[in-house]
Amino acid sequence: MNYQYLRDKREWSSEEIVSLLASEGDTMQQLFDIASEVKFHYAGNKVYLRGLIEYSNICAKDCFYCGIRKSNQEVRRYVLSEEEVLNAARFAYEQNYASIVIQAGELESPSFTRKISQLVRKIKDFSNGELGITLSLGEQKKETFREWFELGAHRYLLRIESTNPILFSAIHPDTSLHRFDRRLQALSDLKEIGYQTGTGVMIGLPGQKIEDLASDIQFFLDFDIDMIGMGPYLEHEHTPMFAQRNELISMADRFELTLKMIAVCRIVLKDINIASATALQAIHPEGREHGIAAGANVIMPNITPDRAKANYYLYENKPMFKEGVQKHLIELNRRLVASGNEIAYGTWGDSLHFAQRLNSKRANND
Ligand code: SAH
């Protein structure tokens, strides 16, 4: 594997992506090292923080893999109060994280839209516009996306889950609420409105092939995505897909494959932001550090109030810290420095790719 060749390469065939994803043993380690160098070259060595606030686990959807799916009767449903969200946001602001993510189950309703609008407005107000806001609230009407954007949310995460429509259909119920095309449309709407747009997939789904993952990466490239959040698929007992647990690749393989996906995304997509998913940590206590060493540059410390955290249980073994988040971050940083990385405070850490995308759009319009 030649670092300089891979660093500069812009055009990729599926076969080339598949062959990188298939790296094993020493070659795999080389892949991680190259991805890390490519990151330093295009995106620097800073790791940006997004304080994750899990606003609500009420969901209208019934995705076959997800622990907070509508039909799961075992879940205690909650919505954070405005005060709880603002307190968490204030904590992130005071700790100088510079950005938060508001994530929730998927609801489309005027009252939900209004509540989020109020939260965005109030967070922008108390922080003098300084706290960056990412939303991850599923598919919404274009006007809703626009309303939140105009109030100051500037990034949006919406995982496509899988870009293979057959696989997508296999993991979602066949109803109008769960359409691949609508999810795709939502991503286009977000981009058109001006959000830094993030997407991602689950890795290690039953029946998912390495070629599917290569197509996912090709999609990220063609769609000109700014940010990626992806993680291993982890089974959850109270979901229909639990029945397929024997068809899965091992945990260790899902872990490795996720790291390889991060590395290959970094090599192919260069200057985008890539989150090191919490789900990695569910498999390995230092999973997120491995994600950073393989090319990721964003970490999302969970700052959801304790009373709610345990109920936002998407998958099994979701990490739940008893000790303070701050202490945890200091220790995390100590381990990150070992791979040449460093947590950045007080800066949004926007996707550099987004700035490039806007510049080239402007240049084309001149
Ligand atoms: N409702 C929002 C976000 C909440 S779920 C939306 O649709 O965008 C956030 C992400 O958790 C999902 O996009 C999915 O990729 C991931 N997730 C859900 N169940 C999972 C599981 N069992 N294993 C791994 N990831 C899962």
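In this predicted model, helix α9 (residues 210-223) and helix α10 (residues 251-269) cross at roughly 35°, and their axes come within 11 Å. The crossing in which α9 passes α10 is right-handed. On the α9 side the contact involves L213, I217, F220 and L221, which meet L257, M261, V264, C265, V268 and L269 in α10. By class, this contact of α9 with α10 has ten nonpolar residues, with no polar and no charged ones.

Helix α9 also packs with helix α2 (residues 14-21), at an angle of about 120° and with the axes 9 Å apart. Because of that angle, α2 is oblique to α9. Here too the crossing is right-handed, as α2 passes α9. The contact is made by S14, I17, V18 and L21 of α2, together with I210, E211, L213, A214, I217 and Q218 of α9. These residues divide into seven nonpolar, two polar and one charged.

| Helix pair | Angle | Axes |
|---|---|---|
| α9 and α10 | roughly 35° | within 11 Å |
| α2 and α9 | about 120° | 9 Å apart |

The largest pocket holds about 250 Å³ of space. Its lining is made of 18 residues, and those nearest the centre of the pocket are G204, Q208, I249, D253 and L257. The elements that give two or more residues to this lining are α9 and α10, and the largest share, four residues, comes from α10. By class, the lining of the largest pocket has nine nonpolar, three polar and six charged residues.

Terms used
Residues numbered from 1 in each chain as written. Predicted model: local features only at pLDDT ≥ 70, side-chain atom pairs only at ≥ 80, totals over all residues. Heavy atoms only, no water. Axes fitted to C-alpha atoms, helices over the stretch in contact; angles between N-to-C directions. Left-handed = near helix turned anticlockwise from the far one by under 90°. Contact = heavy atoms within 4.5 Å. Nonpolar A, V, L, I, M, F, W, Y, C, P; charged D, E, K, R; others polar. 1 Å grid on protein atoms, 1.4 Å probe; cavity = no way out; pocket = protein on both sides within 12 Å on 5 of 7 lines; lining within 4 Å. Points joined across faces, edges and corners; volume = space filled by probe spheres on them. Parallel < 35°, antiparallel > 145°, perpendicular 65-115°, else oblique.
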